[in-house]
Amino acid sequence: MAISVFDLFSIGIGPSSSHTVGPMRAARMFVSRLKQDGVLAQTTAVRAELFGSLGATGHGHGTPKAVLLGLEGHEPHTVDVAQADLDVARIRETGRIRLLGAEIGPAHEIGFDASTQLVLHRRRSLPYHANGMILFAYDGDGLPLLEKTYYSVGGGFVVDEDAVGADRVKPDTTPLAHPFSTGDELLRLTKETGLSVSALMLENEKAWRTEEEIRAGLLEIWRVMADCVARGLDREGILPGGLKVRRRAAAASRALRSEGDPARRAMEWVTLYAMAVNEENAAGGRVVTAPPTAPPASSRPSCTTT
């Protein structure tokens, strides 16, 4: 089984890939399907219903916000996090939403009442997975144009109802220049080839991308990481979610800077960077995520584009 560094590290938004990244992708997939089927122009109403964990904890995890942004065509790795809350406020205040607007412009704007057309079922679940959602689209006569069920299965991966009963995760079998499955095998390969660990991994990554694409992608991941730390060290106030948790990283940063040479307090700075990223994640900022558990990151969902 092949694993790319870009499977292990992905750019998204906080506070949860299952509750924000996945639902945003699902909502965008839905409106993209309307466009693909040639019925986007006929659509005059949409409705989204969230079930299980998405419905029970959606407000605290930013799921409604993610769905609204996804319906407007935004993607987790490119959405303007500074503008996102303003866009959501516009939708709620005007009662209008721009379907796929981030891709095709605001031309197809329809009425949308978030209080009735974005429903969180706190005690109802769908049979396949805890993170389920159903989206509906209707024409001017109220007739259904499309109904799709999606599941946010972790790590930002999304599958639809067509994957029920099938192998929803398929291992990546891309041949690698230097395959290995353990740390010992990796070290043995470095001795046999004379390559450093980083050089050997670069050769494996070339199975998917050119060296130029790999280096550009890694630099972008690093840029997002560094920006996330910088934002977390700079921003103050109360974190969203209703618990009224105050940000601490900015004040702690000022205090640590006042103590002199940073090199003498390296571990304190490492801890502070982690706090800053944690607060940015909780605030719905852009972060780099890595899957915490199985299924492996290289195992790609079998149904992610419908």
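Residues 293-306 have a pLDDT that stays under 50, and over this stretch the model has 44 contacts beyond four places in sequence. Here pLDDT is the predictor's confidence in each residue, from 0 to 100, and a contact means heavy atoms within 4.5 Å. Where pLDDT is low, the predicted coordinates should not be read in detail. The chain as a whole averages a pLDDT of 89, and 92% of the residues score at least 70. The structure is a predicted model, in which local features need pLDDT of at least 70 and side-chain atom pairs count only at pLDDT 80 or more, whereas totals for chains, interfaces and linings use all residues. Residues are numbered from 1 along each chain as its sequence is written, and side-chain values use heavy atoms, with hydrogens and water left out.

The account now turns to the helices and their packing. Helices (H or I, at least four residues) and strands (E, at least two) are DSSP runs, numbered from the N terminus. Helix H4, residues 63-71, is mostly covered, with nine of its nine residues buried; buried means under 20% relative accessible area, exposed over 50%, and partly exposed in between, for a 1.4 Å probe and protein chains only. Among the buried residues of H4 are Lys 65, Val 67 and Gly 70. After H4 comes Gly 73, with a positive phi near 95 degrees.

H4 packs against helix H5 (residues 81-94) at an angle of about 85 degrees, and their axes are 10 Å apart. Axes are lines fitted to C-alpha atoms, for helices over the stretch in contact, and angles run from 0 to 180 degrees between N-to-C directions. H4 is therefore roughly perpendicular to H5, on a scale where angles under 35 degrees count as roughly parallel, over 145 as roughly antiparallel, 65 to 115 as roughly perpendicular and the rest as oblique. From H4, the contact draws on Pro 64, Lys 65, Leu 68 and Leu 69; from H5, it draws on Ala 84, Asp 85, Asp 87, Val 88, Ile 91 and Arg 92. By class, this contact has six nonpolar, no polar and four charged residues. In this classification Ala, Val, Leu, Ile, Met, Phe, Trp, Tyr, Cys and Pro count as nonpolar, Asp, Glu, Lys and Arg as charged, and the others, Gly among them, as polar.

Gly 232, Leu 233 and Asp 234 of H10 meet Ala 249, Ala 250, Ser 253 and Arg 257 of H11. The residues of this contact comprise three nonpolar, two polar and two charged. The loop between H10 and H11 holds Lys 244, a residue other than glycine whose phi is positive, near 55 degrees. Lys 244 counts as exposed, at 68% relative accessibility.

Further backbone features lie in other loops. Leu 100, although not a glycine, has a positive phi of about 60 degrees. Leu 100 is placed in the loop between strand E3 (96-98) and helix H6 (101-104), and it is buried, with a relative accessible area of 0%. The peptide bond from Gly 14 to Pro 15 is cis, with omega near 5 degrees. Pro 15 belongs to the loop between strand E1 (10-13) and helix H2 (17-36).

The aromatic side chains complete the picture. A search of the whole structure finds three aromatic pairs; rings of Phe, Tyr and Trp (its six-membered ring) pair if their centres lie within 6.5 Å, and planes under 30 degrees apart count as stacked, over 60 as edge-to-face and the rest as tilted. One of the pairs joins Tyr 128 and Tyr 151 in an edge-to-face arrangement, with 4.8 Å centre to centre and 80 degrees between the planes. Tyr 128 lies in the loop between strand E5 (118-120) and strand E6 (131-138) and Tyr 151 in strand E7 (residues 144-154), so the pair ties together parts that are 23 residues apart in sequence. Tyr 128 is partly exposed at 24% relative accessibility, and Tyr 151 is buried at 4%. Another pair, Phe 136 and Tyr 138, is stacked, with 6.4 Å centre to centre and 10 degrees between the planes. Phe 136 is buried at 13% relative accessibility, and Tyr 138 is partly exposed at 23%.
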